[in-house]
Amino acid sequence: MSPDRAPLLDRSPRMRAIGTVIENIADTDATVLLRGESGVGKDLVARAIHATSSRRQGPFVKVNCAAIPQGLLESELFGHEKGAFTGAHRRKPGQFEYANKGTLYLDEIAELPLALQAKLLHVLQDFQFARVGGHGLLDVDTRVIAATNRNLEEEMARGEFREDLYYRLNVVEIRVPPLRERREEIPGLAAWFLDKFNAQYGRQKQLSPETMNRLQEHSWSGNVRELENVIRRMVVLTDGEQAFESLVAGGRNGHAAAAPSVPVTSESLREIARRGAREAERQALAEVLERVRWNRAEASRILKVSYKTLLNKITECGLTPPSRRAFQDSIRSLSG
Ligand SMILES: Nc1ncnc2c1ncn2[C@@H]1O[C@H](COP(=O)(O)OP(=O)(O)O)[C@@H](O)[C@H]1O
Ligand SMILES: [Mg+2]
């Protein structure tokens, strides 16, 4: 592993493959398109690309296209001249200028309005641009990395994302897989976050093997960001592991509160939380199966678990498809 490679991008074969791509494009200015769900580590990969590139001494500038009102995006990216629009009291450079000799990271690129998509395309083709309200052209010396969690193929089919810009951006395309497709990273990541937050909050929390199993099995629809937040809560809260149980329960469908109430004295809080989590899981499972008429493949996609895990969960929760249920009911009524 080269010393430049981000230390946390080498924990699974798929992330190591990404690390290799990063090294291979290190000395090029190739535009990169990062794709993947929210929380998978796209920002981290973008920074690693910059840190490995020959531009690493230059600035790394991030613009989140979803966080800036659309009307202000053009000026944010390209700057404006004094008097370009109401409120433009003086000249202001844009992020393209700040990123000069460095890397400009355009996060959530699919949020860029069509008119700006056109302008960006021209900038990437001509390496020149004008500030808003300006006439002179400025040279661009910036490597562009764009990222999105959207399905750009669908956006293009709907006419909401320009195809020519798509091809211009994805000179190199890197797909960062969701955490559930690289579960082998979970123990290492959990340990890393545990150390980090223990140090940060002055705690000495540990993860029980049981919790580690739960972490390993969880669907992580929020990916590494969700894992990070769960561990932070475990470290910060007094009974952190219980917090995980309720978080998983609440995160699934918010029905944890629907678990039948039992006298509090008969169970420890932890047992209550665990039971609540199981009940919530069962309800979510039943609801989804009902909705997709017991199409298990579809249910596994919706619940973001493998087909095998889904089958196990169905058995664990004692759920049966309606046809068999009707059959069992009729037997019961015959014998009763
Ligand atoms: N491989 C990793 N090692 C350590 N932390 C990670 C890793 N991947 C992601 N993270 C952390 O998870 C959070 C989400 O990552 P981020 O790069 O912002 O995801 P994205 O941009 O895809 O939404 C960040 O706090 C990041 O530091
Ligand atoms: Mg991001």
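**Notebook: helix α8 and its neighbours**

I started with α8 and looked up which of its residues are hidden: I186, A190 and F197 are buried. Seen down the axis of α8, these buried residues fall within an arc of 40°, so they line one face of the helix. A reminder to myself before going on: this is a predicted model.

Next I turned α8 around. On the other side I found D195 and A199, and both are exposed.

Then I checked the extent of the helix. α8 runs over residues 186-201, which makes 16 residues. From first C-alpha to last, α8 reaches 22 Å, close to the 22 Å expected at 1.5 Å a residue.

What covers the buried residues of α8? I noted that the cover includes α9 (209-217) and α10 (223-236).

Two packed helices are described by the angle between their axes and the distance between the axes, so I looked up both. For α8 and α10, the axes lie 9 Å apart and the packing angle is about 45°. Angles from 65 to 115 degrees count as roughly perpendicular and those under 35 as roughly parallel; α8 and α10 are therefore oblique to each other. I also wrote down the handedness: α8 passes α10 in a right-handed crossing.

Which residues of α8 meet α10? From α8 I listed I186, L189, A190, F193, L194, F197, N198 and Y201. Their partners in α10 are V224, L227, E228, I231, R232, V235 and V236.

I then moved on to another helix pair, α13 (residues 296-303) and α14 (residues 307-316). Their axes come within 9 Å and cross at roughly 100°. α13 and α14 are therefore roughly perpendicular to each other. On the α13 side I found R296, A297, A299, S300 and L303, which meet Y307, L310 and L311 in α14.

Last, I stepped back to the whole chain. How many helices and strands does the chain have? I noted 15 helices and seven strands. Of the 336 residues, 28% count as buried. For contacts between residues at least 6 apart in sequence, I wrote down that 71% join residues at least 24 apart.

Terms used. Residues are numbered from 1 along each chain as its sequence is written. Chains are lettered from A and ligands numbered from 1 in the order in which they are written. This is a predicted model: local features need pLDDT of at least 70, side-chain atom pairs count only at pLDDT 80 or more; totals for chains, interfaces and linings use all residues. Helices (H or I, at least four residues) and strands (E, at least two) are DSSP runs, numbered from the N terminus. A residue is buried if 20 or more other C-beta atoms lie within 10 Å of its own, exposed if 12 or fewer, and partly exposed in between; C-beta atoms are placed from the backbone. Two residues are in contact if their C-beta atoms, placed from the backbone, lie within 7 Å. The expected span of a helix is 1.5 Å times one less than its number of residues. The arc is that of the directions from the helix axis to the C-beta atoms. Axes are lines fitted to C-alpha atoms, for helices over the stretch in contact, and angles run from 0 to 180 degrees between N-to-C directions. Angles under 35 degrees count as roughly parallel, over 145 as roughly antiparallel, 65 to 115 as roughly perpendicular and the rest as oblique. A crossing is left-handed if the near helix is turned anticlockwise from the far one by less than a right angle, and right-handed if clockwise.
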